[in-house]
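Good morning, and thank you for making time on the agenda. Please look at the sequence and the model as I bring them up.

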Amino acid sequence: EDPYYAAAGVPPIVLLDTNLRFYSGVWLGLGLALYWVIPKIETQSVLFRAIWAMIFVGGIGRLLSMMLLASPPIAFVAFTAIEIAGAPLFILWQFRVSKLRTEF
């Protein structure tokens with residue numbers, strides 16, 4: 001059982017636990033993929049944008065949950081802000097890097 005949820009008084013729920021573990025693996029995979037892209041950031045536009053698009057869509061899902069149910073702990077609000085605002089900013093940054101690198 002996740003200690004964060006246990007501390008919040010959420011009873012053990014198998015569906016919640018399996019989803020938390022699955023999405024933790026997905027987040028780890030996304031992080032590793034982004035790390036793998038770093039050395040070739042100027043040439044990996046499609047992969048970089050696809051990863052950040054997935055993160056953006058996940059952030060929209062979190063935002064809908066906040067609007068329809070309730071606000072989660074502040075850390076999750078911060079994650080949502082990074083997912084929604086950060087994704088376009090990272091894509092714009094990568095676009096600029098790719099343009100700068102191809103000009104030289």
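Let me begin with a definition: helices (H or I, at least four residues) and strands (E, at least two) are DSSP runs, numbered from the N terminus. On that basis the protein has 4 helices and 0 strands, and its pattern along the sequence reads α-α-α-α. The radius of gyration, taken over C-alpha atoms, is 17 Å, well over the 13 Å that the globule rule (2.2 Å times the number of residues to the power 0.38) gives for 104 residues, so the protein is more spread out than a compact globule. The C-alpha trace spans about 55 × 25 × 15 Å along its principal axes.

Two notes on the basis of these values. This is a predicted model, in which local features need pLDDT of at least 70 and side-chain atom pairs count only at pLDDT 80 or more, while totals for chains, interfaces and linings use all residues. Residues are numbered from 1 along each chain as its sequence is written, and side-chain values use heavy atoms, with hydrogens and water left out.

I turn to the largest pocket. A pocket here is an open set of points on a 1 Å grid over the protein atoms alone, where a 1.4 Å probe fits, with protein on both sides within 12 Å along at least five of seven lines; lining residues have an atom within 4 Å of a point. The volume, meaning the space filled by probe spheres set on the points, with points joined across faces, edges and corners, is about 910 Å³ for the largest pocket. Its lining comprises 31 residues, with Tyr 23, Trp 27, Arg 62, Phe 76 and Glu 83 nearest the centre. Two or more lining residues come from each of α1 (3-7), α2 (14-37), α3 (45-68) and α4 (74-103).

Which residues does Arg 62 contact beyond its neighbours within four places in sequence? With contact meaning heavy atoms within 4.5 Å, they are Trp 27, Phe 76, Phe 79, Thr 80 and Glu 83. Arg 62 belongs to helix α3, and its C-alpha atom is separated by 8.5 Å from that of Phe 76, 14 residues apart along the chain.

At 3%, Thr 80 is buried, whereas Arg 62, at 23%, is partly exposed.

Key
Buried means under 20% relative accessible area, exposed over 50%, partly exposed in between (1.4 Å probe, protein chains only).
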